[in-house]
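I set out below what I looked up in this structure, entry by entry.

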Amino acid sequence: QVQLVESGGGLVQPGGSLRLSCVASGSIFSINTMAWYRQAPGKQRELVASITGLGTTNYADSVKGRFTISKDNNTVYLRMDSLQPEDTAVYYCNSRLLTTPQAMGTYWGQGTQVTVSS
């Protein structure tokens, strides 16, 4: 069994910062990719940032220069700076990983709320 446990969400004012964390645990052989998605009310879920096992990062255009994704073993982080009301959403941790050398799967965290408001 694989679990992704997120933390760090909350309410911040415009221009503020938050750091999200996600810890992957359980029967993990190796991790291919870790990523953050977000879903705002009434909108589709969108990819925010991703990082490969080799450390290559990619970002949505809307967050480039403001958000930073990083990892440490089985933990992925999302540093969010210069937050704006448009960033308000539920943020989800995602991972593509091997539970055995032959078994690849996609796993999701439960989501953590980020609210940017005065």
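I began with the elements: helices (H or I, at least four residues) and strands (E, at least two) are DSSP runs, numbered from the N terminus. I noted that Thr75 is found in strand β8, residues 75-80.

Before going further I recorded the basis of the entries. The model is predicted, so I kept in mind that local features need pLDDT of at least 70 and side-chain atom pairs count only at pLDDT 80 or more, while totals for chains, interfaces and linings use all residues. Residues are numbered from 1 along each chain as its sequence is written, and side-chain values use heavy atoms, with hydrogens and water left out.

**Entry: the chain overall**

I found 0 helices and 11 strands in the protein chain. Read from the N terminus, the elements run β-β-β-β-β-β-β-β-β-β-β.

I looked up the radius of gyration, which is taken over C-alpha atoms; the globule rule is 2.2 Å times the number of residues to the power 0.38. For 118 residues a compact globule would have a value near 13 Å, and the 14 Å of the protein chain agrees with this. The C-alpha trace spans about 50 × 25 × 20 Å along its principal axes.

I then turned to burial, where buried means under 20% relative accessible area, exposed over 50%, and partly exposed in between (1.4 Å probe, protein chains only). Of the 118 residues in the protein chain, 38% are buried.

For contacts I used heavy atoms within 4.5 Å. Among contacts with a separation of 6 or more, 54% are between residues 24 or more positions apart.

**Entry: the disulfide**

How many disulfides does the structure hold? I found 1 disulfide, the term being a pair of cysteine sulfur atoms within 2.5 Å. Cys22 and Cys93 form this disulfide, with their sulfur atoms 2.1 Å apart. Cys22 lies in strand β3 (residues 18-26) and Cys93 in strand β9 (residues 89-100), so the pair ties together parts that are 71 residues apart in sequence.

Why is the disulfide left-handed? The torsion about the S-S bond of Cys22 and Cys93 is about -85°, so I recorded the disulfide as left-handed. I also noted that Cys22 and Cys93 are both buried.

I returned to Thr75 and found it buried, because its relative accessible area is 14%. Leaving aside residues up to four places away in sequence, Thr75 touches Cys22, Val23 and Ser70. One of these partners, Cys22, is a member of the disulfide.

I next placed Ser50 in strand β5 (residues 46-52). Ser50 is buried, with a relative accessible area of 14%. With residues up to four places away in sequence again left out, Ser50 touches Thr33, Met34, Ala35, Thr56, Thr57, Asn58 and Ile69.

**Entry: positive phi in two loops**

Asn73 lies in the loop between β7 (67-72) and β8. I read its phi as near 60°, a positive value in a residue other than glycine. Is Asn73 buried or exposed? Asn73 counts as exposed, because its relative accessibility is 67%.

I located Ser82 in the loop between β8 and β9. Ser82 has a positive phi of about 50°, although it is not a glycine.
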